[in-house]
Amino acid sequence: MSRPEPRAACPPEPIAIVGIGCRLPGGVDSPADFWQLLIQGRDAIREVPPDRWDLALHFDPDPQRPLHQHVRHGGFIEGIDQFDAAFFGISPREAICMDPQQRLLLEVAWRALEDGGQPVEALRGKAVGVFIGISAADYRNLLWSSTENYAVPDNEPFVLPGNSGSIAANRLSYFFDFKGPSFAVDTACSSSLVAVYLACESLWRGESAAALAGGVQALISPGSQMGFCKAGLLSSDGRCKSFDASADGYVRSEGAGAVLLKPLSAALANGDAIYALIHGTAINSDGRSNGMVAPNLQSQVACVRQAFQRAGIDPAATQYVEAHGTGTRQGDPVELQALGTVLGEGRPHDQPCRVGSVKSNLGHGETAAGVTGLIKAALCVHHRQLPASLHFRNPNPGIDFSGLKLRVQTSLEPFPQADRAVVVGVSSFGFGGTNAHVVLGEPPEPAAGLSAQPQAPNPLPLQLLCLSAHSDAALRQKASDLAGLVREQPGLSLVDLCATANQRRSQLARRLVCLAASHADLQQQLDGFAAGEEPLGVIWGQASRRPGKLAFLFTGQGSQTLGMAEGLLRHHPVFQEAFEACTRLIDPLLPQPLAGVLYPAPGREEAAASALNQTRYTQPALFAVGYALAQLWLSWGIRPDLLMGHSVGEVVAAHLAGVFSLEDAIRLVVARGRLMQELPPGGGMAALLATADQLERLLREHPQLTVAASNGPANSVLSGPLKALDRLERQAQAQGLAVHRLAVSHAFHSPAMEPMLEAFEQELAQIRFQPPCQPLVSNLTGRLAGEEIAHPSYWCDHLIRPVKFARGMDCLAAQGAQTFLEIGARPTLTGMGRQCLQEPSLAWWPSLRPGHEDVRVMLTSLAQLHRQGHRVDWIGFHQPFPHRWVDLPGYPFQRQRFWWPVFGQSKEPASLWLDQILGSPAEVAARSGGVSAGSAPCPNDDGQLRRLDLPGGREQRFEIVLHGERQADLADHALRRQAVFPAAGFLILALQELQKQGDPWPLKGWSWSAASSCTSPRCACSW
């Protein structure tokens, strides 16, 4: 489909709308909800609900009656008093002081990022701009009102930031840690579209890498409504009859909307789904016209014309305009005259431009109106359909529709010129004269992300799905919502679902991982978890912000198994590529290809098993599998902080630490195995479980044996002649000691290796060594390796000296290792490591386990690492497998009531600002079985500090629930009947938590004791 002919030489790079968040009347909580409302032609206007203001007190049909309003209707969202404060790291006390507009903006901003598939952690600290249209201050007026006996907020420090317009934008930048421009815009009804204009300008200047733009409005005070009534702006029947002969004003509405914007090139590079493109924007002012609040034809013409000139698009190519369309007698004719003047130039008479107004569905959202119209227009482009503009029955006689080449859209239908590129305009005008217009177009194809390869591999036989939330209740609700999606869309690709959920959702603290082979498996897991069960294949828990360091442990000889990692070789291209990179270097140095030994043809298993146990094949095989496993983990973003191998496993660890290249590592390990194999037979090794004293006595009696490895406090490996090992084995068993002969061909890590040293040194002389660039624990010392490991003599000593594994484990623990991931064919080192470090908080995960599906073992360990809090590169995880983005349910906010209270609703001063958290006093009493107002149950009401985890944040916040039942606690610490938590209490709580975390702050002349603990229940304090 060809793009319209450009009119400008150098139009700017289009701006992509990649994410939408909205909360609007009619139960709209998402772009999908909004589109359904539009295509169904629903009218979301209703009577003023009683929780806003009392119509019996304020309504009168006579528009002339003072201090009354003649309009009974408006566009109202549900639950404006509800908010998930904990999710946003906001204390109940602050939430109650916040204008609901700020709370709505937090939610729709999160929704826009979520809808755009932008995890918060990926944007934190980036140059993301925030541009918000906001004007009304109804809630601030409510706080200082005395008509309904509201508490006066003169003691509340949160009131000022919670009700300042500038903070509406700044709070978003603060919460998300966005570093771009951040400010509020007030140009009345055009505010939010002007905010979009400013966001685009910031992107075009390179000032912002991405931008959030939007607006908000809340209808709380009857006083504001009265002012609009007396100004003669409102329709008596409470409807916006845009462009109709009966238009007599508009109906007010509320809501919030936000769009996430990126330069088109950045959106395409990130694989973002794109709703529409912004090609051009313009704003101007009426200046001194025929009235400050009257629309000006010439200025609107200039604004629309400038937007198309900026876009480099012929205005005649426009197929639809989302008009300001308030339904006022003066505004509609002027606006359509301006549109027809610009869009009618060169337009065929039989191809009129369609016009409509979302205000006919929702009412006039004032400061949120512009972005609401933009969202509607973007959805029209996305779906390539035009919904009806409601309440249009008889054309306004003041508008020459035919002469202006315009037509009101009265039914749902496709764009009229289906073979032409879609071009849409959006207008928004402020009643003070600030005009704005935006030109939209369709995105390039394909609009959805797709990872593809020339020969795409088959999906893994097991899919991994991650969900996360701020709380257990939200996590179970999220599982329930996703289960509903899977149930409703049985044809939904499991690969696409998991890829979207894992890559395009923020990773919060409470985490759930499902391992499913089919839709039925996933459905059962999600349903079971949502119901409070723990189904098979589900891993869940709390992720730590500081999970500790991760150590890779590379298994040594003796762990080899015929067919090891065959499942990964068959199913995962990253493992396959890494393994084959090794075999291309190894095979020319061996008598037969390594893959034929590891994965023999049917009937060749016995011969292959015999060959695999020959050192010349064992060591290269272990290296190739260990290296390929490590590369697979690294491709998933699992990067070690510390490295340690056992015996030949140290060769892989040293390579990853940068000691030598892959080619040199393979040269070393092949020569090592070959020269060992060429030594005379007759030696062996045995594992002995004995204390140090028992071991010493046995060695005195068997001087031909030496310690080859110290694997634990009572776990050693002895090496020497076979006959000496036989005698030792009989004696140890007679003493009741456990002894186990190892399946090895020679007495490794003993003087028996000395005959090969000269030949080995010659091989090492061809290798280029470098000091390790990553912490690597040495087998020879049990300490961090230094420059000595980058010398041939180290690797010669490595043959004859014992492996100090136990000391190495102590070193890893001292370096802060909390998680140990074994890289090898079986979890051998895991068992030995647990004997060395018996701290129950340590985590141990395998890569492979004989007798278990390779993919399941790997994915289970990955799931556990993710659940612990280790960062996973989900883009790298899904990159090898083709996938497309799919629409997922949004975050299930756990909203509670936060509204400024009235005196007398609580019996306790301490809970003055808490008594409505869960609802009205009556609702609280009903829910809590008759508990009186002021003692409403709160979550985690145990008198203990509870950590508040901000999504994607790093700072630590805590909350404790207290109340003033006891006179000695808080009831006597009040100002103007309002409890104030003492500053010293915050200090005590902070010191108490630091003491609990093992990081106390000593204060000179003062000491903390348990008696200082704050144990009084029920007063929310947060810092």
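Let me start with Q896, which counts as partly exposed because its relative accessibility is 21%. By the cut-offs used here, buried means under 20% relative accessible area, exposed means over 50%, and partly exposed lies in between, with a 1.4 Å probe and protein chains only. Q896 sits in strand β29, residues 896–897. In sequence, Q896 is 814 residues from Q82, yet their C-alpha atoms are 4.9 Å apart in space.

A word on provenance. This is a predicted model, in which local features need pLDDT of at least 70, side-chain atom pairs count only at pLDDT 80 or more, and totals for chains, interfaces and linings use all residues. Residues are numbered from 1 along each chain as its sequence is written, and side-chain values use heavy atoms, with hydrogens and water left out.

Now the chain as a whole. It has 37 helices and 34 strands, and 59% of its 1023 residues count as buried. Contact means heavy atoms within 4.5 Å. Taking contacts between residues at least 6 apart in sequence, 78% join residues at least 24 apart. The accessible surface is about 39500 Å², and carbon and sulfur atoms hold 52% of that; the areas come from the Shrake-Rupley method with a 1.4 Å probe, and for residues only the protein chains shown count as cover.

Next, S253. Is this residue buried or exposed? It counts as buried, because its relative accessibility is 1%. S253 lies in the loop between α10 (222–230) and β8 (255–263). Leaving aside residues up to four places away in sequence, S253 touches P25, G75, Q217, L219, L362, G363, H364 and G365. With L362, the side chain of S253 reaches the backbone oxygen at 2.7 Å.

For α13, residues 331–343, the 13 residues at 1.5 Å a residue should span 18 Å, and the end C-alpha atoms are 18 Å apart, which agrees. The expected span is 1.5 Å times one less than the number of residues. Eleven of the 13 residues of α13 are buried, so the helix is largely enclosed by the rest of the structure. Among them are D332, E335 and L339.

Helix α19, residues 519–530, has twelve residues and reaches 16 Å from first C-alpha to last, close to the 16 Å expected. Its buried residues include L522, Q525 and F529. What covers the buried residues of α19? The cover includes β17 (463–469), α17 (472–488), α18 (494–503), β18 (510–516) and β19 (538–542). Just after α19, G532 takes a positive phi of about 95°.

Last, strand β27, residues 817–823. Six of its seven residues are buried, so to speak mostly covered. Two strands pair if DSSP finds at least two bridges between them. Strand β20, residues 549–554, is joined to β27 by six bridges, and the two run parallel. There, L553 has E822 of β27 as its bridge partner. Strand β28, residues 843–845, is joined to β27 by three bridges, also parallel. The bridge partner of L821 in β28 is W845. From β27 the chain crosses through helix α32, residues 828–836, to β28, in a right-handed β-α-β crossover. Right-handed means that, with the strands pointing away from the viewer, the path from the first strand over the helix to the second runs clockwise.

Terms used:
Helices (H or I, at least four residues) and strands (E, at least two) are DSSP runs, numbered from the N terminus. A polar contact is a pair of N or O atoms within 3.5 Å; within protein, one must be able to donate a hydrogen and the other to accept it, and residues adjacent in sequence count only if both atoms are side-chain atoms.
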